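Here is a short briefing for a first look at a new structure. Keep the sequence and the 3D view side by side as you read.

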Amino acid sequence: MKILIVGAGEVGFHIASRLATENKDVVVIDKDPKALKRVSEQLDVQVFEGSGSSPEVLREAGISQSDILLAVTDSDETNLVSCLVCDLLSPATRKLIRIRDSDYTDFTDRLRDDPPHIDTVINPEVELVRTVQRLLEVPGAEDVAEFSGGAIKLIGVRLDELSPLSNMRLTKLREVTGDFHLLIAAIVRDEELIIPTGRDSLVPGDLVYFVTDDANLHTALKLFGKESRPVKRAFIVGGGRIGMRLARALAQSGVYVKIVEDDPQRCNRLAEALNNVVVLNGDGTDQGLLAEENIEDMDVVITVTGDEETNILTSLLAKRMGVPIAVTRINKFGYFPLTTAIGIEHVISSRLSAINTILGHVRRGKVLSSVSLKGERAEVLEAEALETAEIVGKPLKSISFPKGALVISIIRDNEVIIPKGDSVIQPADRIILLCSQQAIPKIEKAMAVKLEFF
């Protein structure tokens, strides 16, 4: 698979990094020589200096031999023109585009059906708001991913010493869960990913990922000593596009929302655009303002300004003042490993949301969605099993999956099956796979060859 990436910023760099480690042929195009130098020095990919909207640059980069074009610069207009030129030069190349301006939202279908025939339009801000909404639906979790239209959830919770599962070996899990089958999909311990076996134990401080459906969510959380109480009051810091979109979405779902923004003109626009939302003009890091607004009565504070340091400091301050949950927007990937150590548990990133969505569309095979686990240590793929698949009709325990790959759920005729060793995959089943980064190339090869795109 050959993939052209227009844009060497954070999103382009990290997608190129992920795909290059999976032995894909990746070419990165950008006008900024410094950005390209970073890519060429750190990644095993080709680079082209120039505009991704230039026909000549796209020709030289090999657009006619490319399977996919990813247009992910910071300019919506450049991305759109790149896709238009690609449509003229190589109509068979699939086109994925990142668009941040909400003005284009109503034209998604037209962009797909008419020139430039864009296959997938990704708005990272929309994806970020969805991520926050999923987190708030499960307040006791640090990470929440949904599959099969929300029918099944992959939940990441921090294990504490009071949990009934603390220091328990997984072979003895059934002694606590009884008839309720709980599948532990992954463990993150000391920044290392563990795809567990029965010999592993759960240790206080672990970030434990488990699989459940909506009907059993409360039971599963209770086993970890977590509550599933709804969020009723939210305090948003930052009234930009993301803050406005998030405030509107939460207010429409019945949450009482306050939003603080330091730009008076922006506050006026927020007040005009948002119904049933309290708009405050001020500094979110001002302890006096937070105390005056009774921040301790809020269920959650969500910091979504454009400055990571402000978001981190505000979240820490709010937690110190009594807010139980702080959701913090961070876009610099270098900060991710530090967040847990300083007390930041719920991290969101528009760039990571965009990367997750893009990866789901560039995977080989019948992959329906893709989500990176915390810190991008592993990926969860939702795929469809076709009749030609070698794994169809066999018990899972008799199938030789690559090391670091695990089937964590099967969806059949709207029924969610948490698999056991004797579970059998049938044609047309939706399968959810957890894969370490090292296992993804082997899984993709199996998906493309053995499973005829799985």
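Does A428 count as buried or exposed? At 55% relative accessibility, A428 counts as exposed, because the cut-off for exposed is over 50%. The model shown is predicted. The points below go through its sheets, the helices on them and some individual residues.

**First open sheet**

- Six strands make up an open sheet, in the order β3-β2-β1-β4-β5-β6. Their pairing is parallel.
- At the edges are β3 (46–49) and β6 (120–122). Each of these pairs on one side only.
- From one strand to the next, the twist averages 15 degrees.
- Within this sheet, β4 (residues 68–71) and β5 (residues 94–98) run parallel and are joined by four bridges. A71 stands opposite I97 of β5.
- Helix α14 (residues 350–362) lies across β1 (2–6), β4, β5 and β6. The helix runs at about 175 degrees to β5.

- Another open sheet has six strands with parallel pairing. Here the order is β14-β13-β12-β15-β16-β17.
- The edge strands are β14 (277–281) and β17 (346–348), and each pairs on one side only.
- The twist averages 20 degrees from one strand to the next.
- Strands β15 (residues 300–303) and β16 (residues 325–329) run parallel, with four bridges between them. I302 has V327 in β16 as its bridge partner.
- Helix α12 (residues 308–320) packs on the sheet and touches β12, β15 and β16. Its direction makes about 175 degrees with that of β16.
- Helix α6 lies across β15, β16 and β17. It runs at about 165 degrees to β17.

**An antiparallel pair**

- Strand β19 (residues 378–384) pairs with β22 (residues 430–436) in the antiparallel sense. Seven bridges hold this pairing.
- L381 stands opposite L433 in β22.
- Six of the seven residues of β19 are buried, so the strand is largely enclosed by the rest of the structure.

**Around N123**

- N123 sits in the loop between β6 and α6 (124–137).
- Is N123 buried or exposed? It counts as buried, because its relative accessibility is 10% and the cut-off for buried is under 20%.
- The N123 side chain reaches the backbone nitrogen of E125 at 3.0 Å.
- Which residues does N123 contact, leaving aside neighbours within four places in sequence? They are I99, R100, D101, S102, T105 and R245.

**Aromatic rings**

- The count of aromatic pairs comes to one. F210 and F224 form this pair, and it is stacked. The rings are 5.0 Å apart, centre to centre, with 15 degrees between the planes.
- The pair links distant parts of the chain, 14 residues apart. F210 is in strand β11 (residues 207–213). F224 is in the loop between α8 (217–223) and β12 (233–237).
- Both F210 and F224 are buried.
- Elsewhere, a charge meets a ring: the charged end of R38 sits over the ring of F13. The distance to the ring centre is 3.8 Å.

**Backbone exceptions**

- Most residues other than glycine have a negative phi, and most peptide bonds are trans. The next points list departures from that pattern.
- The peptide bond from P115 to P116 is cis, with omega near 15 degrees. P116 is found in the loop between α5 (108–113) and β6.
- N414 has a positive phi, near 70 degrees. This residue lies in the loop between β20 (405–412) and β21 (415–417). N414 is exposed, with a relative accessible area of 78%.
- A428, the residue of the opening question, also has a positive phi, near 75 degrees. A428 belongs to the loop between β21 and β22. The strand β22 is the antiparallel partner of β19.

Definitions and conventions
Residues numbered from 1 in each chain as written. Predicted model: local features only at pLDDT ≥ 70, side-chain atom pairs only at ≥ 80, totals over all residues. Heavy atoms only, no water. Buried < 20%, exposed > 50% of the residue type's maximum accessible area, 1.4 Å probe, protein only. Helix = DSSP H or I, 4+ residues; strand = E, 2+ residues; numbered from the N terminus. Pairing = 2+ DSSP bridges. Axes fitted to C-alpha atoms, helices over the stretch in contact; angles between N-to-C directions. Contact = heavy atoms within 4.5 Å. Polar contact = N/O pair within 3.5 Å; in protein donor to acceptor, adjacent residues only side chain to side chain. Phe/Tyr/Trp six-rings, centres within 6.5 Å; stacked < 30°, edge-to-face > 60°. Lys NZ or Arg CZ within 6 Å of the ring centre and 35° of its normal.
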